[in-house]
Amino acid sequence: VDMVREKMDSLRQGKSKIVEHNHTLILGWTEKTMHIIEELVNANASEGGGVVCVLAPETKEHMEAELALQLPMGTRKRTRVILRSGSPLVLGDLVRVSIHTARAIMVLATTGDA
């Protein structure tokens, strides 16, 4: 029972591995993230959809709330948006979002990082 509970917590917190290839990976979360996702959704629409994955230090719950508010499910034009909580500086977190099979990687800098 404890193992099942731990796995469910891991999924809820955005700590599980994704198995994707040819996806667009966004590293970081800024005020521009939603606009970028919206542009990717529009670009993927001509291909019948796609997959966008975001890896950021924010909690998955926070990112899901922002996404649901600014880009509801019905407006995503068959593009799946996968959110994972973690650090773009940690190799294990990058492997977890299948960085090695991504078709494009975008690194977003905060104002302090730029």
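This briefing describes the fold, the sheet, the cores and selected loop residues of one protein.

The model is predicted: local features need pLDDT of at least 70, side-chain atom pairs count only at pLDDT 80 or more, and totals for chains, interfaces and linings use all residues. Residues are numbered from 1 along each chain as its sequence is written, and side-chain values use heavy atoms, with hydrogens and water left out. The protein contains four helices and four strands, where helices (H or I, at least four residues) and strands (E, at least two) are DSSP runs numbered from the N terminus. Along the sequence these elements follow the pattern α-β-α-β-α-β-α-β.

- Of the 114 residues in the protein, 41% are buried; buried means under 20% relative accessible area, exposed over 50%, and partly exposed in between, with a 1.4 Å probe and protein chains only.
- The protein exposes about 6900 Å², of which carbon and sulfur atoms supply 58%; accessible areas come from the Shrake-Rupley method with a 1.4 Å probe, and for residues only the protein chains shown count as cover.
- Among contacts in the protein with a separation of 6 or more, 83% join residues 24 or more positions apart; a contact means heavy atoms within 4.5 Å.

**The sheet and its helices**

- Four strands form an open sheet in the order β3-β2-β1-β4, with parallel pairing; two strands pair if DSSP finds at least two bridges between them.
- Because β3 and β4 stand at the edges with a single partner strand each, one side of each is left without a neighbour in the sheet.
- Neighbouring strands of this sheet are turned by 15° against each other on average, direction ignored; axes are lines fitted to C-alpha atoms, for helices over the stretch in contact, and angles run from 0 to 180 degrees between N-to-C directions.
- The parallel strands β1 and β2 are joined by four bridges, and the bridge partner of Thr24 in β2 is Val52.
- Helix α2 lies across β1, β2, β3 and β4, and runs at about 160° to β2.
- Helix α3 also packs on the sheet, where α3 touches β2 and β3 and makes about 150° with the direction of β3.

**Nonpolar cores**

- The largest nonpolar core has 16 residues, and those touching the most other members are Ile26, Trp29, Ile37, Val54, Leu67 and Leu83; such a core is a set of buried Ala, Val, Leu, Ile, Met, Phe, Trp, Tyr and Cys residues joined through side-chain atoms within 4.5 Å.
- At least two residues of this core come from each of α2, β2 (51-56), α3 and β3, and α2 gives the largest share, five residues.
- A second, separate core of ten residues includes Leu25, Leu55, Ile82 and Leu94.
- Leaving aside neighbours within four places in sequence, Trp29 is in contact with Met34, Val54, Ala56, Glu58, His62, Met63, Glu66 and Leu83.

**Loop between β1 and α2**

- Thr30 lies in the loop between β1 (24-27) and α2 (33-45), and Thr30 is buried, with a relative accessible area of 13%.
- A polar atom of the Thr30 side chain lies 3.1 Å from the backbone nitrogen of Lys32.
- Beyond its neighbours within four places in sequence, Thr30 is in contact with Leu108, Ala109 and Thr110.

**Loop between α3 and β3**

- Thr79 lies in the loop between α3 (60-70) and β3 (80-85) and is buried, with a relative accessible area of 4%.
- A polar atom of the Thr79 side chain lies 3.4 Å from the backbone nitrogen of Gly50.
- With neighbours within four places in sequence left aside, the contacts of Thr79 are Val41, Asn44, Gly49, Gly50, Val51 and Val52.
- Arg78 is placed in this loop between α3 and β3; Arg78 counts as exposed at 70% relative accessibility, and its phi is near 65°, a positive value in a residue other than glycine.

**Loop between α4 and β4**

- Ala102 lies in the loop between α4 (91-96) and β4 (104-107).
- The C-alpha atoms of Ala102 and Thr24 are separated by 5.8 Å, although these residues are 78 residues apart along the chain.
- Apart from neighbours within four places in sequence, Ala102 is in contact with His23 and Leu25.
- Ser98 is found in the loop between α4 and β4; Ser98 is buried, with a relative accessible area of 4%, and has a positive phi near 55° in a residue other than glycine.

Notes:
A polar contact is a pair of N or O atoms within 3.5 Å; within protein, one must be able to donate a hydrogen and the other to accept it, and residues adjacent in sequence count only if both atoms are side-chain atoms.
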